[in-house]
Amino acid sequence: MTMAKLTETMTNVLEGDSMDQDVESPVAIHQPKLPKQARDDLPRHISRDRTKRKIQRYVRKDGKCNVHHGNVRETYRYLTDIFTTLVDLKWRFNLLIFVMVYTVTWLFFGMIWWLIAYIRGDMDHIEDPSWTPCVTNLNGFVSAFLFSIETETTIGYGYRVITDKCPGGIILLLIQSVLGSIVNAFMVGCMFVKISQPKKRAETLVFSTHAVISMRDGKLCLMFRVGDLRNSHIVEASIRAKLIKSKQTSEGEFIPLNQTDINVGYYTGDDRLFLVSPLIISHEINQQSPFWEISKAQLPKEELEIVVILEGMVEATGMTCQARSSYITSEILWGYRFTPVLTLEDGFYEVDYNSFHETYETSTPSLSAKELAELANRAELPLSWSVSSKLNQHAELETEEEEKNPEELTERNGDVANLENESKV
């Protein structure tokens, strides 16, 4: 009996829990179907599960975009630009296609050469010296395949030679020569473009592992450092920054991964860099900045990502190069500065890249830029109040004296009049 009661009690408890879970389950609420990223980044009043989760990067530290295109139905668009498609492929697929294209063309024309010899009856007169074949010393498919390779690659060993008694073979020779030149130009050009891509040049453009927030010239600034490891410089280098953060409009529309510009000197020209030595890029946090209301305590709670983009032309090739990196909230250090890396030696400047990523702590207020501006305004108001109040007090004292002593003023005026009369007499 005891076991039966215990079993019944446990069953009732489990059923009650399941009923509570069914009642509180958010699955019962019918919400519009959203993309996966939008479901992951739902705003606070929509998402009920606010457990801590790892922030998913939009751009990885090495600059690669963490975005995958799915459910692309119009795949024919990739074939319309086949050259770019081949260049964008990975090296293993590119090399496989490179080998397959040449092999297929050699086999295809080798098969045609063998068919011509078979149709003309050259295979039946291999040992007949009086017979003039289309291609001398072509006695099977293997020899036809070798002749196809020699023709397309213009090797010409001289053992297998086409004769003038075969018009079809002459036409095929012309076609294979032209098509072989086109294949060579296409594949070699594809390989050359892929090898000369400036992506590898971006590997020597480095960004600091952390961004810092500290005071600079009395203003709160967000800063990060960039550098170039090569002696050949980036021409017309420019820097941009984007804030990636989901937002919800006043109409209730949810915008996942909204992009906002971060001013790093666009209006003053500071975004155009002379990148000979490492430079610290600064963003002044003012009223137009998206960090205007973010304080030190609020920063770790924000789910945002700063994407920085460095662009320029490679001095050696003249091709445009782009390097990217990103910073999430855990990689933004409040109250730190970068360690100097440039020192003056005997006749030259030396850059110590061992200290490129190093920072040191500095005295920085933990308030947001908005709160600092409000405090500054409050500190200025009492001074203005005191000056105006003193002027008003002085004016009030003068009016009070005039009201209290009207008789003295009349007496003084009478005395002055008597003196004037006496002087006339």
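## Residues with positive phi

Leu257 belongs to strand β5 (residues 254–261), strands being DSSP runs of E with at least two residues and helices runs of H or I with at least four, numbered from the N terminus. This is a predicted model, in which local features need pLDDT of at least 70 and side-chain atom pairs count only at pLDDT 80 or more, while totals for chains, interfaces and linings use all residues. Residues are numbered from 1 along each chain as its sequence is written, and side-chain values use heavy atoms, with hydrogens and water left out.

Although Leu257 is not a glycine, its phi is positive, near 55 degrees. Most residues other than glycine have a negative phi. Leu257 counts as partly exposed because its relative accessibility is 24%; buried means under 20% relative accessible area, exposed over 50%, and partly exposed in between (1.4 Å probe, protein chains only). Glu236, in strand β4 (residues 234–248), also is not a glycine and has a positive phi of about 55 degrees. Its relative accessible area is 62%, so Glu236 is exposed.

## The disulfide and other cysteines

How many disulfides does the structure hold? There is one, a disulfide being a pair of cysteine sulfur atoms within 2.5 Å. The sulfur atoms of Cys134 and Cys166 are 2.2 Å apart in this bond. The pair links distant parts of the chain, 32 residues apart: Cys134 lies in the loop between α5 (91–120) and α6 (141–153), and Cys166 in the loop between α6 and α7. The disulfide is left-handed because the torsion about the S-S bond is about -75 degrees. Both cysteines, Cys134 and Cys166, are buried.

Cys190 is buried at 1% relative accessibility, whereas Cys65 is partly exposed at 44%.
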